[in-house]
Amino acid sequence: MNASQLLSVQPQDWPVAPDWRELVDGFFASTTGQRLLAFLRERLERGATIFPPQPLRALELTPLSRVRVVILGQDPYHGRGQAEGLAFSVPPGVPIPPSLRNIFQELQRDLGEPVPAFPNPGGSLLRWARHGVLLLNTCLTVEEGAPASHSGKGWEALTDAVIREVSQQASAVVFMLWGSHAQGKRPLIDASRHLVLCANHPSPLSAHRPPIPFLGCGHFSQARDWRLQHNQDAVTPVPPPSS
């Protein structure tokens with residue numbers, strides 16, 4: 001047991017920003033939320049290693065009032081030390097996973113942004129989260145070495161509610177939906193108010209494939225240009241280097 005894995009199944013030990021609190025508390029008070037907590041508790045009692053240690057970290061670092069971009073992942077990395085509660089992000093010093101490497105490659109191609117220095121910050125997207133990029137997986141926990149092992153256990157009801165809340169409450173948000181799983185959430189988003197960008201997943205298995213290859217999709221420049229057109233700041237997942 002260590003700080004890289006889930007140690008508590010008490011939602012009060014999972015901090016969130018104040019403007020997410022009502023939604024989160026309502027979820028965990030629901031039948032679905034209670035069933036999810038019972039499942040997590042049972043898995044820990046049976047000795048399962050569950051990642052990440054803070055499942056709601058995206059909602060802690062990116063308040064609803066500051067959401068400007070939403071990037072949807074599927075579930076956390078299932079290797080020890082990789083998952084840090086933010087979609088696609090890994091802690092400093094952890095080797096950059098292939099999908100994230102392709103994200104950095106597209107940023108470099110599209111906006112001329114250099115790949116972050118390794119090992120620090122390496123693959124950590126902490127700055128993105130603190131600058132209004134909601135890095136949300138649709139399932140928020142996973143067991144070691146078992147991708148999608150917590151899929152369908154209840155997290156999706158919470159993350160669907162988060163997506164709906166952003167769509168209804170925030171203004172001029174860019175949703176980046178990469179891959180069929182993320183694109184399945186498209187009906188939750190009011191496309192008349194927000195920009196919805198779709199492409200293949202950045203995984204090496206699909207990044208070059210049709211119908212919309214991830215590499216070359218131009219989502220980062222499209223996000224920047226759209227926000228400027230809507231008289232918003234030009235935030236993309238590339239905050240200023242001095243931040």
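How many bridges join E2 to E3, and which way do the two strands run? I opened my notebook with that one, keeping in mind that this is a predicted model.

**Entry 1, the sheet.** I found 5 bridges between E2 and E3, and the two run parallel. Within this stretch, I saw Leu72 standing opposite Leu136 of E3. Stepping back, I noted an open sheet of 4 strands with parallel pairing, ordered E3-E2-E5-E6. The edges belong to strand E3 (133–137) and strand E6 (195–199); each has a single partner strand, so one side of each has no neighbour in the sheet. On average, neighbouring strands here are turned by 20 degrees against each other, direction ignored. I also looked up helix H6 (residues 155–169), which packs on the sheet and touches E2, E3 and strand E5 (174–178). The direction of H6 makes about 155 degrees with that of E3.

Next I checked how H1 (residues 21–29) meets H2 (residues 31–45): their axes come within 4 Å and cross at roughly 75 degrees. The two helices are therefore roughly perpendicular. From H1, I listed Phe27, Phe28 and Ala29 in the contact; H2 brings Thr31, Thr32, Gly33, Gln34, Leu36 and Leu37. I sorted these residues into 5 nonpolar, 4 polar and no charged.

I placed His78 in the loop between strand E2 (69–73) and helix H4 (98–111). Leaving out residues up to four places away in sequence, His78 touches Phe51 and Val142, among others. Pro147 is also one of its contacts; the C-alpha atoms of His78 and Pro147 are 6.0 Å apart, although 69 residues separate them along the chain.

Methods:
Residues numbered from 1 in each chain as written. Predicted model: local features only at pLDDT ≥ 70, side-chain atom pairs only at ≥ 80, totals over all residues. Heavy atoms only, no water. Contact = heavy atoms within 4.5 Å. Axes fitted to C-alpha atoms, helices over the stretch in contact; angles between N-to-C directions. Parallel < 35°, antiparallel > 145°, perpendicular 65-115°, else oblique. Nonpolar A, V, L, I, M, F, W, Y, C, P; charged D, E, K, R; others polar. Pairing = 2+ DSSP bridges.
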